[in-house]
Amino acid sequence: MTIRNSVVAVAAASAVFLMAGGVQAQSISEALAMAYSNNPSLNAARATLRATDENVPQALSGWRPQIFANASASHTSSSSVPLGQSYYNTSTVGLQIQQAVFRGFRTVNGTRQAEALVRAQRASLVSTEQSVLLSAAQAYMNVIRDTAIVSLNRSNIKFLGEQVRAAKDRFEVGEGTRTDIAQADARLAGARSQLNLALANLNADRAVFRQIVGVEPGRIVPNTNIRSMLPTSLKSALAEGEGSHPDIVAAQFNIDAAGYNVKVVEGNLLPTVTVEGNLQRQWNPSSSVSIDHTDSATVLGRVSVPLYQGGLVSSQVRQAKEQLGNARILLDAARDSVRAAIVAAWGSYEAAEASVTAAQAQVEAAQLALNGVIEEQRVGQQTTLDVLNAQNELIDAKSALVSAQRESVVAAFSLVAAVGRLTAEDMNLNVAAYDPKEHYEAVRDKWFGLRTPDGR
């Protein structure tokens, strides 16, 4: 929905300010889409997920054989009486294949643990996506706010310049005093200082926008449909957030991973069964033996039963169980955190909406007051200082309205994020969605290969 009409006029002045650069209009949805594609923090989180994906093929490697080639060579010479000089040359080439048959269920549970960690990292990626999009929305609204404030300060300077001129004209015809001129000059100098501060703030906002979105802000337009995504009540917001917020989902999968980790460590207390095959050719020519080479092949079955490991595995099991308990506590903490964030965001949004309404009334009253003071000044019932004070109150009221409107929109984005729906998919952004399953499926069953799926 469109930001309230009372602010549109101010924001329109902002658009004129930016239009001087000849840049194209840039909606908030376009800015969020660019942040989704360009933000380095979000891209780093995607890289972290891709690295986590590799835990699954590493766990699956426990099912697969291991093959080793080996080679050795040696030369021995000796001399004795009465045999004289002799030598032995020995060289060996072999191939060894090892296949695990039973590893105490460590491969099964390790694979499940890795898959749970992947799902937890996917949820963490969604959480990072929400943080980035919220930061982009805040940066966008900051540029709108401070651009409008720059425009207000420019119009204020123009108004005060007219007051200085009028005070001088009245002084020349004997209707004013030097005090009126000095007061108007002082306000004009102060307004110029405020303009410089507003420009500095705007430049800082544009730099932050560039950092988060990845491009310079264009001609920003004050339109957003974020309010259509707001929950209808605090109760429904809490229910939705507690059921699907990515922080809670990640914590749940971390519990699964910690549970499987306990089973993996306990597997070290169970027997291990392996089968090993060896192929070997040995060359051993010497000065006294005519045999040239020997071939051999062996198959070996090995069962290893752990009896005592110095207390190491027992300690690791206890440690894994404590980590599982910690993961369960963190889930409760995540639920409490999400609930608190939703309640706070709901309250902030309601307060921001009320502030907008109050600021609108303040602007209307301040405008009427200024108009009245100007008319009364013309008939000698008000002074120049009264006009200056009324103008100052109007500028402050308009600045407060712009800030309140910014807070309202940001609070709406914050509430949607607190619920867990501030994602590119939920917002229907016009962007190529990042599919985390694509890389996972590409690497899950790879048996060999050093290159990543994207060719690195």
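Biologist: Where does Arg227 lie?

Modeller: Arg227 is in the loop between strand S4 (219-220) and helix H7 (234-244); helices (H or I, at least four residues) and strands (E, at least two) are DSSP runs, numbered from the N terminus. This is a predicted model, in which local features need pLDDT of at least 70, side-chain atom pairs count only at pLDDT 80 or more, and totals for chains, interfaces and linings use all residues. Residues are numbered from 1 along each chain as its sequence is written, and side-chain values use heavy atoms, with hydrogens and water left out.

Biologist: Why is Arg227 called buried?

Modeller: Its relative accessibility is 13%. Buried means under 20% relative accessible area, exposed over 50%, and partly exposed in between (1.4 Å probe, protein chains only). Arg227 therefore counts as buried.

Biologist: What makes the pairing of Arg227 with Tyr349 a polar contact?

Modeller: The side chains are joined at 3.4 Å. A polar contact is a pair of N or O atoms within 3.5 Å; within protein, one must be able to donate a hydrogen and the other to accept it, and residues adjacent in sequence count only if both atoms are side-chain atoms. The side chain of Arg227 also makes a polar contact with that of Ser408, at 2.8 Å.
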